[in-house]
Amino acid sequence: MPNTRSNLVAARIYEVDEGGNSKAGGLTVACMFNPFEYTVTKSNSYEEKPKNDADTPQGEFFKSGAQTLELDLIFDSYESGDDISQVTNKLWKFMMTKTKPEASQNEKISPPQVAFEWGVFRFVSYITSMTQKFILFKPDGTPVRATVKVTFTQYTDVDDYPRQNPT
């Protein structure tokens, strides 16, 4: 397990196979700084049905929504002076589609499924949104610090939360 610059166990994002297990030879990105916080959300949809004898409609369950995980990451190479985009570009690969070689140009292979893992928390999903902001540069314009806002959306039913002792 890689560590952060302050010698903590680093959170990581890595490719997984159909079963949610680490993909052999898959890409892994270790976080240089663990997130300060993260947010997990889930919503369900209800259809409103009229109810003549009340001021509020009756809600009828329509569908379950996917869980999402949102977090902000910081990547920094100020001390070494290396181009930090070489590290953050690996995250973009998690969002890239490919065209099937034997198919028409319209048939795409979806981006890889990934897991975000930090301590006991593990979230298997797809990266559905990412925003990268470069915030520090060397005098020649080379970026050495970036923040990355990532949204993961879970489309598989994986038990990400390990059972806990009720005591």
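**Strands, rings and salt bridges**

Student: Is Lys 49 buried, partly exposed or exposed?

Tutor: Lys 49 is partly exposed, because its relative accessible area is 29%. Keep in mind that this is a predicted model.

Student: Which residue does Lys 49 form a salt bridge with?

Tutor: Glu 47. The closest N and O atoms are 3.0 Å apart. Glu 47 counts as partly exposed too, at 35% relative accessibility.

Student: How many salt bridges does a search of the whole structure find?

Tutor: Six. One of them joins the side chains of Lys 149 and Asp 72, at 3.2 Å from N to O. Lys 149 is in strand S11 and Asp 72 is in strand S6 (residues 67–76), so the pair ties together parts 77 residues apart in sequence.

Student: What does Asp 76 form a salt bridge with?

Tutor: Arg 145, with the closest N and O atoms 2.4 Å apart. Asp 76 belongs to S6 and Arg 145 to S11, so this pair ties together parts 69 residues apart in sequence. Asp 76 counts as buried, at 7% relative accessibility. Arg 145 is partly exposed, at 27%. There is also a network: salt bridges that share partners join Arg 12, Glu 117 and Arg 122.

Student: New topic. Which ring does Arg 12 lie over?

Tutor: The ring of Tyr 14. Arg 12 lies over its face, 4.0 Å from the ring centre. Arg 12 and Tyr 14 are on one side of strand S1 (residues 12–15), Ile 13 and Glu 15 are on the other, and all four are buried.

Student: How many bridges pair S1 with strand S2?

Tutor: Three, in the antiparallel sense, with S2 spanning residues 28–30. Within S2, Ala 30 is the bridge partner of Arg 12.

Student: And how many bridges join S1 to strand S9?

Tutor: Four, again running antiparallel, and S9 covers residues 114–118.

Student: Where is Gln 113?

Tutor: Gln 113 is in the loop between strand S8 (108–109) and S9. It is buried, at 8% relative accessible area. Beyond its neighbours within four places in sequence, its contacts include Tyr 14, Glu 15, Val 124 and Tyr 126.

Student: Now rings. How many aromatic pairs does the structure hold?

Tutor: Eight. Tyr 38 and Trp 118 form an edge-to-face one, 6.2 Å centre to centre with 65° between the planes. Tyr 38 lies in strand S3 (residues 38–41) and Trp 118 in S9, so the pair ties together parts 80 residues apart in sequence. Tyr 38 is partly exposed at 32%. Trp 118 is partly exposed at 26%.

Student: What about Tyr 126 and Tyr 155?

Tutor: That pair is tilted: 6.3 Å centre to centre, 45° between the planes. It links distant parts of the chain, 29 residues apart, with Tyr 126 in strand S10 (residues 121–137) and Tyr 155 in the segment after S11 (143–154). Tyr 126 is partly exposed at 23%. Tyr 155 is exposed at 59%.

Student: Which residues do ring pairs link into a cluster?

Tutor: Tyr 38, Phe 116, Trp 118, Phe 121, Phe 123 and Phe 152.

Notes
Residues are numbered from 1 along each chain as its sequence is written. This is a predicted model: local features need pLDDT of at least 70, side-chain atom pairs count only at pLDDT 80 or more; totals for chains, interfaces and linings use all residues. Side-chain values use heavy atoms; hydrogens and water are left out. Buried means under 20% relative accessible area, exposed over 50%, partly exposed in between (1.4 Å probe, protein chains only). Helices (H or I, at least four residues) and strands (E, at least two) are DSSP runs, numbered from the N terminus. Two strands pair if DSSP finds at least two bridges between them. Rings of Phe, Tyr and Trp (its six-membered ring) pair if their centres lie within 6.5 Å; planes under 30 degrees apart count as stacked, over 60 as edge-to-face and the rest as tilted. A charge sits over a ring if NZ of Lys or CZ of Arg is within 6 Å of the ring centre and within 35 degrees of the ring normal. Contact means heavy atoms within 4.5 Å. A salt bridge is a side-chain nitrogen of Lys or Arg within 4 Å of a carboxyl oxygen of Asp or Glu.
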